[in-house]
Amino acid sequence: MKVEVWDRVVRPALVDRIGWAIFIGTPKGYNHFYDLYNLKHPDYKSFHFTSYNNPTIKKEEIDQERALKSDDAFATEYLAEFRVFIGKIYKDFSKDIHVKDSYEPPMDWARYRSIDFGVGHPTAVLFFAIDNEHNIWIYDEIYIEGANTPTVAQLIREKSGPHRYIATYADRSGKAWILEYSSVHGIPMLAYSKEPGDSNDLEVTRGIDRVQSYLKVQPGTGKPKLFVTKNCVNLIREFEMYEWSGEAGSVRKPVKKLDDLLDALRYFIVSYQQRTRPDRQVVKAYSTTGQPIY
């Protein structure tokens with residue numbers, strides 16, 4: 001169940017009758033179910049049962065499954081433990097490591113935006129700032145369904161404030177939208193970069209690999225190169241739920257859902273790396289002290 005279904009539909013419907021709800025499920029990563037299970041509130045109680053607690057299943061049968069499955073798979077499916085679920089794409093992503101308190105980045109940091117246009121799914125926009133150590137900070141998001149272009153453009157302008165954005169990277173398949181935002185609404189956009197000759201599937205997996213490289217903790221600093229602020233709740237949710245499909249093939253494919261903001265992130269990472277390559281650098285941004293930001 002989507003978070004907004006409980007928050008905006010089911011929970012309000014229970015208020016007038018002082019109703020109640022039971023959430024039953026098997027853990028699948030650190031999602032909304034995990035948050036509810038750990039909620040510290042007098043009106044909420046949590047219960048945990050494993051397959052060993054089921055009187056209709058023989059212990060020996062469960063033990064056989066333990067021998068056949070990986071530790072993570074067995075712990076999730078039979079012991080009902082919250083772990084990084086099998087198939088999760090961004091396994092390096094951790095709230096403890098990557099998520100920081102919400103704040104407004106300093107004025108002298110270079111800023112970018114990226115957008116994934118919504119057709120039958122939410123329109124997703126991310127706001128980036130690059131600090132003086134070349135770390136990427138994702139400090140705001142837009143995640144909206146069913147909005148027309150003027151509405152989204154107004155939201156972008158409101159969240160952008162007085163800051164100058166070096167570039168806004170967009171889904172290259174949305175040429176008409178790129179033109180409309182750029183020429184009609186005064187928000188210049190660029191189609192994100194793509195490696196020549198890449199198929200669509202290969203392009204996605206290459207982009208995922210590049211995002212992974214920013215999530216990894218660096219040996220020299222003990223920190224990653226990418227941070228997300230707490231107000232980016234939808235991006236955090238997508239990080240934790242994005243998974244590989246079970247389809248076989250030469251190139252692995254992600255499941256095509258809960259990926260709108262992650263697509264926008266991928267557009268930015270690929271384009272930013274292209275832009276800042278020593279042999280491709282077009283613009284240098286400098287802080288107020290004269291030190292290069294990148």
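**View 1. The β2–β3 hairpin and its turn.** Gly 120 takes a positive phi near 80° in the hairpin of β2 and β3, with 6 residues between the strands. (Strands here are DSSP runs of E with at least two residues, helices are runs of H or I with at least four, and both are numbered from the N terminus.) The two strands run antiparallel and share 7 bridges; to count as paired, strands need at least two DSSP bridges between them. Look for Asp 116, which stands opposite Ala 124 in β3. A word on the model itself: it is predicted, so local features need pLDDT of at least 70 and side-chain atom pairs count only at pLDDT 80 or more, while totals for chains, interfaces and linings use all residues. Residues are numbered from 1 along each chain as its sequence is written, and side-chain values use heavy atoms, with hydrogens and water left out.

**View 2. Strand β3, covered on both faces.** In a regular strand the side chains alternate between the two faces of the sheet. In β3, one side carries Thr 123, Val 125, Phe 127 and Ala 129, the other Ala 124, Leu 126, Phe 128 and Ile 130, and all of them are buried. That makes 8 of its 8 residues buried, where buried means under 20% relative accessible area, exposed means over 50% and partly exposed lies in between (1.4 Å probe, protein chains only).

View 3. Strands of a sheet pair through backbone hydrogen bonds, either parallel or antiparallel. Here 7 strands make an open sheet with mixed pairing, in the order β1-β7-β4-β3-β2-β5-β6. β1 and β6 (190-191) are the edge strands, each with a single partner, so one side of each has no neighbour in the sheet. β1 runs parallel to β7 (residues 226-229), joined to it by 2 bridges; Val 99 has Val 228 as its bridge partner in β7.

**View 4. Two tryptophans, tilted.** A search of the whole structure turns up 19 aromatic pairs. (Rings of Phe, Tyr and Trp, the last by its six-membered ring, pair if their centres lie within 6.5 Å; planes under 30 degrees apart are stacked, over 60 edge-to-face, and the rest tilted.) Trp 109 and Trp 137 have ring centres 6.2 Å apart and planes at 40°, so this pair is tilted. Trp 109 sits in the loop between β1 (99-100) and β2 (110-116) and Trp 137 in strand β4 (residues 136-144), so the pair ties together parts that are 28 residues apart in sequence. Both Trp 109 and Trp 137 are buried.

**View 5. Around Tyr 165.** Phe 127 and Tyr 165 form an edge-to-face pair, 6.3 Å centre to centre with 70° between the planes. Phe 127 belongs to strand β3 (residues 123-130) and Tyr 165 to the loop between α6 (149-160) and β5 (167-170), so parts 38 residues apart in sequence are tied together. Phe 127 is buried at 0% relative accessibility, and Tyr 165 is buried too, at 11%. Tyr 165 also has Arg 113 over its face, 4.3 Å from the ring centre. (A charge sits over a ring if NZ of Lys or CZ of Arg is within 6 Å of the ring centre and within 35 degrees of the ring normal.) Elsewhere, the charged end of Arg 172 sits over the ring of Tyr 192, 5.5 Å from its centre.

**View 6. Helix α10 across the sheet.** Helix α10 (residues 260-276) lies across β2, β3, β4, β5 and β7, at about 135° to β2. (Contact means heavy atoms within 4.5 Å; axes are lines fitted to C-alpha atoms, for helices over the stretch in contact, and angles run from 0 to 180 degrees between N-to-C directions.) Of its 17 residues, 15 are buried, so α10 is largely enclosed by the rest of the structure. One aromatic cluster is made of Tyr 112, Phe 128, Tyr 169, Phe 268 and Tyr 272.

**View 7. Helix α9 and Pro 150.** In helix α9 (residues 233-241), 8 of the 9 residues are buried, including Arg 237 and Glu 238. Pro 150, in helix α6, is partly exposed at 43% relative accessibility.
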